[in-house]
Amino acid sequence: MDAAQCGGGAGGEMRKIHIIYFLSRKGRTEHPHLIKVHHLSRNGVRLRDVKRWLSELRGKDMPESFAWSYKRRYKTGYLWQDLLDEDLITPISDNEYVLKGSEIPSLDLCT
């Protein structure tokens, strides 16, 4: 994705960031995926941004099929913090964000 897709505008630096994400389906976590995007740094990265990028890459319905959390530092280790669309995501390092999507099971009303 290029800078034009990120909304441009004055007052911020365009940075290349790495989004590493894991998908968990039926209790099993898949191998990690990586997307690289340019983003206006003054805005921070929110879950809605990540969902938009994933929609462009993997289809518009993909991000909504998962509940999202991100890996963040906590005391001497890490934890997964649940996210809503407007939540700001803290990078694990300067330009790297680690997220996990846990598949939301569909309700089968026929069983």
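## The nonpolar core

The largest nonpolar core has 19 residues, and those touching the most other members are I19, Y21, V50, W53, W68, I89 and L99. Such a core is a set of buried Ala, Val, Leu, Ile, Met, Phe, Trp, Tyr and Cys residues joined through side-chain atoms within 4.5 Å. Two or more residues come from each of β1, β3 (33–40), α1 (47–58), β5 and β8. In soluble globular proteins, nonpolar side chains tend to be buried together.

## About the model

This is a predicted model, in which local features need pLDDT of at least 70 and side-chain atom pairs count only at pLDDT 80 or more, while totals for chains, interfaces and linings use all residues. Residues are numbered from 1 along each chain as its sequence is written, and side-chain values use heavy atoms, leaving out hydrogens and water.

## Strands and their partners

The chain holds one helix and eight strands, in the order β-β-β-β-α-β-β-β-β from the N terminus. Helices (H or I, at least four residues) and strands (E, at least two) are DSSP runs, numbered from the N terminus.

Strands pair if DSSP finds at least two bridges between them. Seven bridges link β1 (residues 14–25) to β8 (residues 96–103) in the parallel sense, with I19 bridging to Y97 of β8. Strand β5 (residues 66–74) runs antiparallel to β8, joined by five bridges; here W68 has G101 as its partner.

## The chain as a whole

Of the 111 residues, 30% are buried, meaning under 20% relative accessible area with a 1.4 Å probe, protein chains only.

How values were computed:
Buried means under 20% relative accessible area, exposed over 50%, partly exposed in between (1.4 Å probe, protein chains only).
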